[in-house]
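Please read the points with the structure at hand.

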Amino acid sequence: MPMTHTTPAGVVYWKGHVRAPNKDHLIALSHQQHGRRLQALYGFTTPATWDSRTLGFIGPIKDQGQCGSCWDFSGTFVVETSFYKAGVLKPDGSQALSEEYTLSCGHNGGCGGDDNVNVLDWAKKTGLPLT
């Protein structure tokens, strides 16, 4: 149950999130409106489903082992996927970017954890070599 806050003047306000009773309907309307806008502006709508694996945007699965480096793998994956989409790298596993480079050479939390945004900043500054 949401909590309330009473001001010195005696006015009671609800604290916290109160979901609108028609929120599901509003979300559906928003999706319809944005779909029509994409159709009008660009001649296409968003697909009902999307699977990047079938489009060649996803490389092979990698194993981070016992290191808590999911932040590094996810940040490197963002850069790697953009290169796959641009045709710079081949997603067949023959070319992949190095997570180890960021872990070993970057100033970060290493296996103790960090933020994947730091990988993007690091990639902009130094680039990311192939594995």
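In this note, a residue is buried under 20% relative accessible area, exposed over 50% and partly exposed in between (1.4 Å probe, protein chains only). The model is predicted: local features need pLDDT of at least 70, side-chain atom pairs count only at pLDDT 80 or more, and totals for chains, interfaces and linings use all residues. Residues are numbered from 1 along each chain as its sequence is written, and side-chain values use heavy atoms, with hydrogens and water left out.

1. Helix H2 covers residues 70-86; helices are DSSP runs (H or I, at least four residues), numbered from the N terminus. The expected span is 1.5 Å times one less than the number of residues. For the 17 residues of H2 this gives 24 Å, in agreement with end C-alpha atoms 24 Å apart. Just after H2, Gly-87 has a positive phi of about 85 degrees.

2. Among the buried residues of H2 are Trp-71, Phe-73, Val-79 and Tyr-84, together with the acidic Asp-72 and Glu-80. Their cover includes helix H3 (99-105) and helix H4 (116-126).

3. One aromatic pair is counted, where ring centres of Phe, Tyr and Trp (its six-membered ring) must lie within 6.5 Å; planes under 30 degrees apart are stacked, over 60 edge-to-face and the rest tilted. Tyr-101 and Trp-122 form this tilted pair, at 5.6 Å centre to centre and 35 degrees between the planes. The pair links helix H3, which holds Tyr-101, to helix H4, which holds Trp-122, 21 residues apart. Trp-122 is buried because its relative accessibility is 16%, whereas Tyr-101 is partly exposed at 23%.

4. Phe-44 lies in the loop between helix H1 (23-42) and H2. With a relative accessible area of 43%, Phe-44 is partly exposed.

Conventions: Helix = DSSP H or I, 4+ residues; strand = E, 2+ residues; numbered from the N terminus. Contact = heavy atoms within 4.5 Å.
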